[in-house]
Amino acid sequence: MPTTCIVGAGSYGQCVVKRFTRLGIEVIEKKLHEGSLEEVYREAHYMQLFSHRCVPHLLGIQFEDKPFSIVMEFVGENLESITIQKLLYDKLKNVVLSTNDCFQVCYDIVDALHHLHQIGYLHCDLKANNVLVHKKKGYLVDFGKVKKIPNKSTKRYTKVYPHIAPEVLNGEPASPASDIYSMGKIILSIGDNLKNDHLLSLGKLFSDPEPSKRPTVSELMGNLKSGINTS
């Protein structure tokens, strides 16, 4: 088995699993191909600030060679990280989650999101590729687009992204409600995959096109918690 393996890639660069020989553990090195040192420091700062049971631990940064990179806890096994995206659409035979497990994973992510909101930050890029699943637990990752609350910055999109709230696509600032919308879309995808009416109804409720009609993150946590062990 190789000692390094690419587990994710995108416009930002790539994530590689590496063996940290000195500590005898695997780590993730997130290489930011176009990222400045300031951007690396920024994301590393947020990872440290957002310390939570469902956020991978920051281990350090690499700035001696380009591309600069962030080194963090590896969440996975056999040199592979499993995202919700892979779980739903790649039909992985070695990972089987029950409906109850899915409620737990969603609860974990919303718990992490609630933590971000409580300390005054928005994730702004919550989607199936940014949620990891390991040992029936959910982990929130990728803090490259984090913004402070209240957020006044705006951007008008020329392309529709399904995980981004419609008001944000139309040029309004991101808000806690837009993070809730994105989480609702994840829950909706899981509910559709499982054909589970409870998750489907929650997903539709929390991804309502109208921001004022979306419940709060605390209410979402309560709804998900009630589904654990009763689904």
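Residues are numbered from 1 along each chain as its sequence is written, and side-chain values use heavy atoms, leaving out hydrogens and water. The model is predicted: local features need pLDDT of at least 70, side-chain atom pairs count only at pLDDT 80 or more, and totals for chains, interfaces and linings use all residues.

Lys-135 sits in the loop between β7 and β8, and its phi is positive, near 50°. Lys-136 lies in that loop as well; its phi is near 60°, and it is partly exposed at 48% relative accessible area, a class that covers the range between buried (under 20%) and exposed. Most residues other than glycine have a negative phi, and most peptide bonds are trans.

Strands are DSSP runs of E with at least two residues, and helices are runs of H or I with at least four, numbered from the N terminus. Strand β7 (residues 131-134) and strand β8 (residues 137-140) pair in the antiparallel sense over four bridges, where pairing requires at least two DSSP bridges. Leu-132 stands opposite Tyr-139 in β8. Val-131 and Val-133 point to one side of β7, Leu-132 and His-134 to the other, and all are buried. In a regular strand the side chains alternate between the two faces of the sheet.

**Helix packing**

Axes are lines fitted to C-alpha atoms, for helices over the stretch in contact, and angles run from 0 to 180 degrees between N-to-C directions.

| Helix pair | Angle | Axis separation |
|---|---|---|
| α5 (residues 176-194) and α6 (residues 197-206) | about 155° | 7 Å |
| α3 (residues 99-118) and α7 (residues 217-227) | about 160° | 9 Å |

The angle makes α5 roughly antiparallel to α6, a term for angles over 145 degrees. Residues of α5 in contact (heavy atoms within 4.5 Å) with α6 include Ile-180 and Tyr-181, and those of α6 include Leu-199 and Phe-206. The residues of this α5 contact with α6 divide into ten nonpolar, three polar and two charged. Nonpolar covers Ala, Val, Leu, Ile, Met, Phe, Trp, Tyr, Cys and Pro; charged covers Asp, Glu, Lys and Arg; polar covers the others, Gly among them.

α3 and α7 are roughly antiparallel to each other. Among the residues that meet are Phe-103 and His-117 in α3, and Met-221 and Leu-224 in α7. The contact of α3 with α7 divides into nine nonpolar, five polar and two charged residues.

**Cis peptide bonds**

The bond from Lys-66 to Pro-67 is cis, with omega near 0°; Pro-67 is in the loop between β4 (58-62) and β5 (69-73).

Conventions. Angles under 35 degrees count as roughly parallel, over 145 as roughly antiparallel, 65 to 115 as roughly perpendicular and the rest as oblique. Buried means under 20% relative accessible area, exposed over 50%, partly exposed in between (1.4 Å probe, protein chains only).
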